Amino acid sequence: MDYYVAHFSSHATNHFYVGAVEVDHGRLVRALVYWKEERTILDYSELAEDAPKGSEIEAWHYPLKLDRDTVDTPEDIAGSNYLETQRQWVDWMK
């Protein structure tokens, strides 16, 4: 999150809400992180324990921006660059 805030935020305060997608023996493996100020969802996947130091950014995947990466219906996704419907995005956010 430090990377995204340092490079893409102009806000004095940033709020992140973490929703666990996958937990293994009490350890977070995968999560969706809602960044309130940027109206963005970040996808997080835990790195292997032997991952090289400094590779933390690899745990974060393409962020979804509400006004940029969503469409109204699943049919609108087909053959496009859009990733999710707006309804799915809002459901994740909640």
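The model is predicted, so local features need pLDDT of at least 70 and side-chain atom pairs count only at pLDDT 80 or more, while totals for chains, interfaces and linings use all residues. Residues are numbered from 1 along each chain as its sequence is written, and side-chain values use heavy atoms, with hydrogens and water left out.

**Exercise 1. The overall fold**

Task: State how many helices and strands the protein has, and give their order from the N terminus on.

Solution: Begin with the definition, by which helices (H or I, at least four residues) and strands (E, at least two) are DSSP runs, numbered from the N terminus. On that basis the protein has 3 helices and 6 strands. Reading from the N terminus on, one finds the order α-β-β-β-β-β-α-β-α.

**Exercise 2. Surface, burial and charge**

Task: Describe the surface of the protein, the share of its residues that is buried, and its charged side chains.

Solution: Next, a residue is called buried under 20% relative accessible area, exposed over 50%, and partly exposed in between (1.4 Å probe, protein chains only); buried residues make up 27% of the 94 residues. Finally, count the charges, where Lys and Arg are positive and Asp and Glu negative, with His and the chain ends not counted. There are 9 positive and 18 negative side chains, and the centres of the two sets lie 6 Å apart, each charge being placed at NZ of Lys, CZ of Arg, CG of Asp or CD of Glu.

**Exercise 3. Confidence**

Task: Find which element has the lowest mean pLDDT and which the highest.

Solution: The term pLDDT stands for the predictor's confidence in each residue, from 0 to 100. For the protein the mean is 82, and 95% of its residues reach 70 or more. Among the elements, strand E4 (residues 60-65) has the lowest mean, 74, whereas strand E1 (residues 16-24) has the highest, 90. Where pLDDT is low, the predicted coordinates should not be read in detail.

**Exercise 4. Aromatic rings**

Task: Classify the pair formed by Tyr3 and Phe8.

Solution: Rings of Phe, Tyr and Trp (its six-membered ring) pair if their centres lie within 6.5 Å; planes under 30 degrees apart count as stacked, over 60 as edge-to-face and the rest as tilted. A search of the whole structure finds 5 aromatic pairs. In one of them, Tyr3 and Phe8 are 6.0 Å apart from centre to centre with 70° between the planes, and the pair is therefore edge-to-face. Tyr3 is partly exposed at 38% relative accessible area, and Phe8 is partly exposed at 47%. Together with Tyr4, these two residues form one aromatic cluster.

**Exercise 5. Asp43 and its surroundings**

Task: Describe where Asp43 and Ala59 lie, and what they contact.

Solution: Asp43 is found in strand E3 and is buried, with 16% relative accessibility. Contact means heavy atoms within 4.5 Å; leaving aside neighbours within four places in sequence, Asp43 touches Arg30, Ala31, Leu32, Ala59, Trp60 and His61. Ala59 sits in the loop between E3 and E4 and is buried at 3%. Although Ala59 and Asp43 are 16 residues apart in sequence, their C-alpha atoms are 8.3 Å apart in space. Under the same exclusion of neighbours, the contacts of Ala59 are Asp43, Tyr44, Ser45 and Leu47.

Terms used
Accessible areas come from the Shrake-Rupley method with a 1.4 Å probe; for residues, only the protein chains shown count as cover.
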